[in-house]
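Welcome to a short tour! Open your viewer, get ready to select things, and follow along one stop at a time.

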Amino acid sequence: MKIAVINGTEKKGVTFKLKEMFLEKFRGNAEISEYYLPKDCRAFCAGCTTCFVKGEDNCRNNQHTKPIREAIENADLLVFTSPAYVMHTTGAMKTFLDHMAFRWMPHRPHPVMFSKRAVIITQCLGAGAKSAAKDIKDSLSWWGISKIKVFATSLMSDISWEKLPQKKQQKIKKKILKLSNHFVKINYGKPAHTKIKTKLKFYLCRMIQKSIRKNQAESLDYKYWTEQGWLAHRRPWKR
């Protein structure tokens, strides 16, 4: 199997520690591709709309974003990690997610996303882990992913793993290993189930494409939906 890991920071702190715990049982049995932000995607999205109008390969930062995009598309399991910065995901992670705006369902979602599984790992000293995870989950769900598990924990006592009380360490470790065991046991030869909520989003976007884009035949999004057969009878969750 293949795993793509997108780290929202280059710092090897508690979030890194949790991610390593999660991946421990996969190592040796899976091909793991890891990316660290901002190192692997330094440039901000300029909001130029080139990806929408001319295609993602024409983005000025395509050389940085394309390898990550391809790793995500080819992976069986996606792992996104980010500590909470001021109650939200890191700016580096937000920058990458901005670059992926063209993959949102109203535009050009990749069909493989509807059958993928994802894990989001976040932590913070006090409050903010859940809202940081939501920043990432919002994008993943609008890419078409239904199977998304979130691990969000609050450290409370210290931002250094080594300084956390042993009882706290063991509690967190037990939870992350339980999550890891859940994903280790999955049969990745079988696509993840597409939930009704995701399907409803798809049908809403399909209605938008049919009603708005029919008078814009040159629209890249409209052409994409037409070529995929989604405006007819094909659906991305059916293989």
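**The whole chain**

Show the surface first: the chain exposes about 12400 Å², and carbon and sulfur atoms supply 54% of that area (Shrake-Rupley method, 1.4 Å probe; for residues, only the protein chains shown count as cover). This is a predicted model, where local features need pLDDT of at least 70 and side-chain atom pairs count only at pLDDT 80 or more, while totals for chains, interfaces and linings use all residues. Residues are numbered from 1 along each chain as its sequence is written, and side-chain values use heavy atoms, leaving out hydrogens and water.

Now switch to cartoon view. You will find eight helices and five strands (DSSP runs numbered from the N terminus: helices are H or I with at least four residues, strands E with at least two).

**Stop one: helix 3**

Select residues 62-74, which form helix 3. Which of its residues are buried? They are N62, T65, I68, R69, A71 and I72, where buried means under 20% relative accessible area with a 1.4 Å probe, protein chains only. Across the chain, 49% of the 239 residues count as buried.

**Stop two: helix 5**

Next, select helix 5, residues 129-143. Look for a kink of about 25 degrees centred on I136 (the angle between axes fitted to the seven residues ending there and the seven starting there). I136 is also one of the buried residues of helix 5, along with others including A129 and W143.

Finally, select G144: this residue follows helix 5 and has a positive phi, near 115 degrees.

Key
Expected span 1.5 Å × (residues − 1). Buried < 20%, exposed > 50% of the residue type's maximum accessible area, 1.4 Å probe, protein only. Contact = heavy atoms within 4.5 Å.
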